[in-house]
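I opened the model today and kept notes as I went. The entries follow the order in which I looked things up.

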Amino acid sequence: MRDTDVPAQARNEAGSPRAVFVDIDGTLCDSRQRVPDSAIRALAQARERGHRLFVCTGRSVPEVYPRFVDLGFEGIVGGAGGYAAVGNKVLLDERMPREHVDVLTALWEDLDAFFIWQGPDQMGPSEGYLDFFVPRAGKHPEDWIEYAQSISPFIVDIDGGAFTKVTAYVPPDKASLERVSAALPEGYRAIIGSVGAAGYVPFEIIPDHLSKAVGIQAVCKHVGIALSDTVAIGDSNNDVEAVARAAVGISIGGGCDDLVAVADIVAPAVGQGGLAWALAAAGLIDEAPTPA
């Protein structure tokens with residue numbers, strides 16, 4: 001479905017509160033970590049209508065900046081579904097077994113990758129990871145300095161940490177999805193991440209039984225909102241299950257074929273006012289604020 005089509009399920013009765021799950025990278029903010037003014041205004045309007053906003057991201061809690069949360073989000077599905085919380089109430093908190101952390105760490109070292117282990121209260125970057133990633137993830141070297149500042153208080157040694165997932169940046173000549181998948185412990189899957197750096201290929205490793213959709217279900221059960229009153233908005237591979245599971249699933253931009261295939265609506269890209277457009281298309285606000 002293209003961006004001029006609005007499905008019938010998006011046009012429900014006015015005033016019916018929805019649980020709205022919003023991805024961060026490529027959906028809420030662009031590669032420079034900027035949230036468009038139109039998105040800020042649209043989120044505020046959605047909250048004024050009584051809709052409830054939740055971050056739904058591959059990032060872990062230390063990677064979610066307070067300024068993002070302050071846009072009106074009352075909870076988080078983080079770590080691509082391995083963690084979920086509403087306010088101070090933790091609903092999910094799953095960590096990988098130590099033996100799997102060791103196996104995957106050895107895999108990334110063998111592939112000459114830079115990688116970071118992610119958890120809701122612990123972050124385990126490989127040697128040189130921040131020096132590699134921070135100046136290369138955005139268009140300008142300073143774009144992701146806030147990221148390093150955000151996670152620094154949570155950095156621990158990988159050997160002693162407890163983590164939800166791992167993201168690795170693999171040199172392109174070694175970045176075979178088939179090779180990585182074949183090396184994974186049983187019960188895990190690899191997906192290509194949405195935040196690139198210097199041409200390295202980003203891999204996210206997640207247990208098969210976890211996804212953002214699992215986190216969405218946990219949040220909805222806790223807040224008492226049915227899945228039939230949910231909206232999920234994302235832009236990449238780790239959003240597929242969430243967008244497919246929600247009553248209204250929206251792809252921001254058309255850059256991920258698998259996501260477009262399951263989406264009810266395909267919105268413009270983040271830099272073209274995509275999030276505000278998506279909220280309007282889902283019937284959460286009357287009209288999308290004009291991009292600045």
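Which residue in S10 does Ala168 stand opposite? I looked it up: Phe203. I note at the outset that this is a predicted model.

**Strand S10**

Strand S8, residues 165–170, is joined to S10 by five bridges, and the two run antiparallel. I then checked strand S9, residues 188–192. S9 also pairs with S10 in the antiparallel sense, over five bridges. Here I picked out Tyr188, whose bridge partner in S10 is Pro207. Six of the seven residues of S10 are buried, so the strand is largely enclosed by the rest of the structure.

**Ser211**

I moved on to the loop between strand S10 (201–207) and helix H7 (212–223), where Ser211 sits. Is Ser211 buried or exposed? It is buried, because its relative accessible area is 7%, under the 20% cut-off. I listed its contacts, leaving aside neighbours within four places in sequence. They are Ala80, Gly81, Arg189 and Glu241.

**The largest nonpolar core**

I turned to the core next. The largest nonpolar core has 51 residues, and Leu28, Phe133, Tyr147, Ile233, Ile250 and Leu279 touch the most other members. Helix H10, residues 274–281, gives the most to this core, with six residues.

I took Ile250 for a closer look. Beyond its neighbours within four places in sequence, Ile250 is in contact with a list of residues including Val231, Ile233, Val243, Ile265 and Ala278.

**Val22**

I found Val22 in strand S1, residues 19–22. Val22 is buried, with a relative accessible area of 1%. Not counting residues up to four places away in sequence, Val22 touches Thr27, Leu28, Phe54, Val55, Cys56, Phe73, Ile233 and Leu275. I also checked the spacing to Thr57. The C-alpha atoms of Val22 and Thr57 are separated by 7.5 Å, though the two residues are 35 apart along the chain.

**Cysteines**

How many disulfides does the structure hold? I count zero. Cys29 is in no disulfide, and the nearest cysteine sulfur, that of Cys56, is 14 Å away. Cys29 is buried, with a relative accessible area of 0%.

The cut-off I applied is 2.5 Å between sulfur atoms. Cys56 is buried too, with a relative accessible area of 2%.

Technical notes: Residues numbered from 1 in each chain as written. Predicted model: local features only at pLDDT ≥ 70, side-chain atom pairs only at ≥ 80, totals over all residues. Heavy atoms only, no water. Helix = DSSP H or I, 4+ residues; strand = E, 2+ residues; numbered from the N terminus. Buried < 20%, exposed > 50% of the residue type's maximum accessible area, 1.4 Å probe, protein only. Contact = heavy atoms within 4.5 Å. Core = buried A, V, L, I, M, F, W, Y, C linked by side-chain atoms within 4.5 Å. Pairing = 2+ DSSP bridges.
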